[in-house]
Number of protein chains: 2
Amino acid sequence: MSKITIKELAERLNLSISTVSRALSDSYETSEETKKRVKALADELGYRPDVYASNLRSKKSRTIGVIIPEITNSFFSLAINGIEEVARQNGYHVLIYLSHEDYEQEASVARLLLDGRVDGILMSVGCATTNTAHIEAFNKRGIPVVLFDRICDGLNTLKVITDDYNSGYKSALHLIEQGCKKLAYLSLSKHLSIDQRRKSGFVDAANQHNTTFEIICCSPDEDENIRILSELLSSNNKPDGIFASVEKLGITLYQVCHELNMQIPSQLKIISFSSIKIAPLLQPPLTTITQPAFEIGRKASAALFRALKNNFLFVENEEIIVPSELVVRKSTKA
Amino acid sequence: MSKITIKELAERLNLSISTVSRALSDSYETSEETKKRVKALADELGYRPDVYASNLRSKKSRTIGVIIPEITNSFFSLAINGIEEVARQNGYHVLIYLSHEDYEQEASVARLLLDGRVDGILMSVGCATTNTAHIEAFNKRGIPVVLFDRICDGLNTLKVITDDYNSGYKSALHLIEQGCKKLAYLSLSKHLSIDQRRKSGFVDAANQHNTTFEIICCSPDEDENIRILSELLSSNNKPDGIFASVEKLGITLYQVCHELNMQIPSQLKIISFSSIKIAPLLQPPLTTITQPAFEIGRKASAALFRALKNNFLFVENEEIIVPSELVVRKSTKA
């Protein structure tokens, strides 16, 4: 099918190309009468502007990019729903890119998005990201960036997170109150700022209550985590209370307990960061620190659109904290 | 930061703009020696091509678009991982768009993608989609489309699905073999081809075994489904075996059973289409029809790249069927 061009529209309407172009972009320089005529014929003939040509002129893609580490994670899928709600209200489309926790891929996607296909960025970094030049590059190019959940402490940009220190603190405290004598903290990556904060709250609570604990370094690789956790739970000196600092470690821990036929909560109490809807349907129902994932997505997106609307090249350097909730279920029952 | 242009590169190298442009795009018309000089300076000065200008020339975005109804669904999140693996191998980026089961939004995203920002489309339609003009438009514009899972029967394009009829058939048969006397089939939408096929297999198995059944029409709205299922399970004539034809209905059914304190499997046996990893960790472990979601994504993506590599404007009209597996767990125990 041959594409209808602006030139053809102009010829048929006996107008100049620039008048047709202005009418199609709703310019105040064109009369309402002319706009109506042009749009009617454009609709009739199925005229569609070429996005690349039109973006080249306006440098506005009306699209925001979201870079996240993974999608099989209830936090990110709910946060995206919140991001999309705000984008829709602003007439924007949302592109989603996955980094799969891989630094090279994250940096490659970021380089791609420097080139004008998105007006702004929402991002949650992968667990191996220590170099942040690829994120700073957005600011240098005048593309505003908002980080959410997995933020980088050093970067000067707006960040939307939960109360990570406090969540770690109250998780340890809850396990201690339920009678645990030996705690363990499952860490996804020491590079992640959320991990450092959650761990630091956890450690402070354990120390203040003279409770022993150990930090277990897990990995993004599930098979490796199954090995690490099976070993931990088979040792003579195993913990009686575990805090999984991210959802996927909590799920793997449950799997390992089922395989080893370890009784939760009588032999081991478990609490996990998780936004998973079916936590109450697990065997046994899982005690969670539940992040308001949708709300975090919404707030991050709203902050980005404030910057875009005001033609800010940067967003303010600020932390917005949305508190998480401790939801007590059977997996930590005394 | 001011952007380095091709013009500046050309001036510094004392070459014509077109020579620099050809060197950067690796043209066979340029000597290796010149290419090396140009690329070295481009790297040194941090030159980046403008994606819109460069796409306008080549009409190749090296990007594929994926349109799916929802993301909080283990099938789609796993299928996307399969799609991305193949895209990565082909040096392509993947854009993900969500329709949220809303026809207007699906059609609006499709219109957006007609304009050249993607080279090909992978799509799973929303449950309200009956008009397919927005999908046929891709073919008219020479953008190849592959449908996966939620396909439209009438469209002439490549489709990757599971053995839906057979899966419905063996689900009903399994419930009958486990002793169920009165079955129910939970349907998400009578418009969906996968629903029609799964239902038709289910109905045939029930009829062949003289087992009574009813079809329960659910909705994309969760609260509405909680109401429908609570009513179903509170009736005097309630079923003793239910097949949930999509994952989210199976999960809602579990929630309702927990709320009503209904015992699974003694009072009610449940089987659900689901790719959810934690099916074995549910209370009780859930019997599933498990689609090879990653494989379906991989196969759909591979078919699209065959078309793109061969400069096909259309993909062949064909159905690729990847069988699902019945995984028996405690929720259907006799």
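Residues are numbered from 1 along each chain as its sequence is written, and chains are lettered from A in the order in which they are written. Because the model is predicted, local features need pLDDT of at least 70 and side-chain atom pairs count only at pLDDT 80 or more, whereas totals for chains, interfaces and linings use all residues.

**View 1. Chain A as a whole.** Chain A holds 12 helices and 12 strands (DSSP runs numbered from the N terminus: helices are H or I with at least four residues, strands are E with at least two). Its radius of gyration is 25 Å, well over the 20 Å that the globule rule gives for 334 residues, so chain A is more spread out than a compact globule (the radius is taken over C-alpha atoms, and the rule is 2.2 Å times the number of residues to the power 0.38). The C-alpha trace of chain A spans about 90 × 35 × 30 Å along its principal axes. Of the 334 residues in chain A, 47% are buried (20 or more other C-beta atoms within 10 Å of the residue's own, with C-beta atoms placed from the backbone; 12 or fewer is exposed, and in between is partly exposed). Among contacts in chain A with a separation of 6 or more, 74% join residues 24 or more positions apart (a contact means C-beta atoms, placed from the backbone, within 7 Å).

**View 2. The interface between chains A and B.** Contacts link 35 residues of chain A with 35 residues of chain B. On the chain A side, α4 (51-58), α5 (74-89), β2 (93-98) and α11 (247-260) each supply at least two residues. The residues on this side comprise 19 nonpolar, nine polar and seven charged (Ala, Val, Leu, Ile, Met, Phe, Trp, Tyr, Cys and Pro count as nonpolar, Asp, Glu, Lys and Arg as charged, and the others, Gly among them, as polar).

**View 3. Strand β6 of chain A and its two partners.** Five of the six residues of β6(A) (182-187) are buried. β6(A) runs parallel to β7(A) (212-217), joined to it by six bridges, and L186(A) stands opposite I216(A) (strands pair if DSSP finds at least two bridges between them). β6(A) also pairs in the parallel sense with β8(A) (241-244), over four bridges; here Y185(A) stands opposite F243(A). Together with helix α9(A) (193-208), β6(A) and β7(A) make a right-handed β-α-β unit (with the strands pointing away from the viewer, the path from the first strand over the helix to the second runs clockwise).

**View 4. Helix α11 of chain A.** The 14 residues of α11(A) reach 20 Å from first C-alpha to last, close to the 20 Å expected at 1.5 Å a residue (1.5 Å times one less than the number of residues). Because 10 of the 14 residues are buried, α11(A) is largely enclosed by the rest of the structure. The buried residues, including L249(A), I251(A), L253(A) and V256(A), pack against α5, β6, α10 (222-234), β8 and β9 (269-273) of chain A. Just after α11(A), N261(A) takes a positive phi of about 60°.

**View 5. Strand β10 of chain B.** In a regular strand the side chains alternate between the two faces of the sheet. In β10(B) (287-290), T287(B) and I289(B) point one way and T288(B) and T290(B) the other, all of them buried. β9(B) (269-273) pairs with β10(B) in the parallel sense over three bridges, with F273(B) opposite I289(B). β12(B) (325-327) pairs with β10(B) in the antiparallel sense, over three bridges, and T288(B) stands opposite V327(B).

Technical notes
Two residues are in contact if their C-beta atoms, placed from the backbone, lie within 7 Å.
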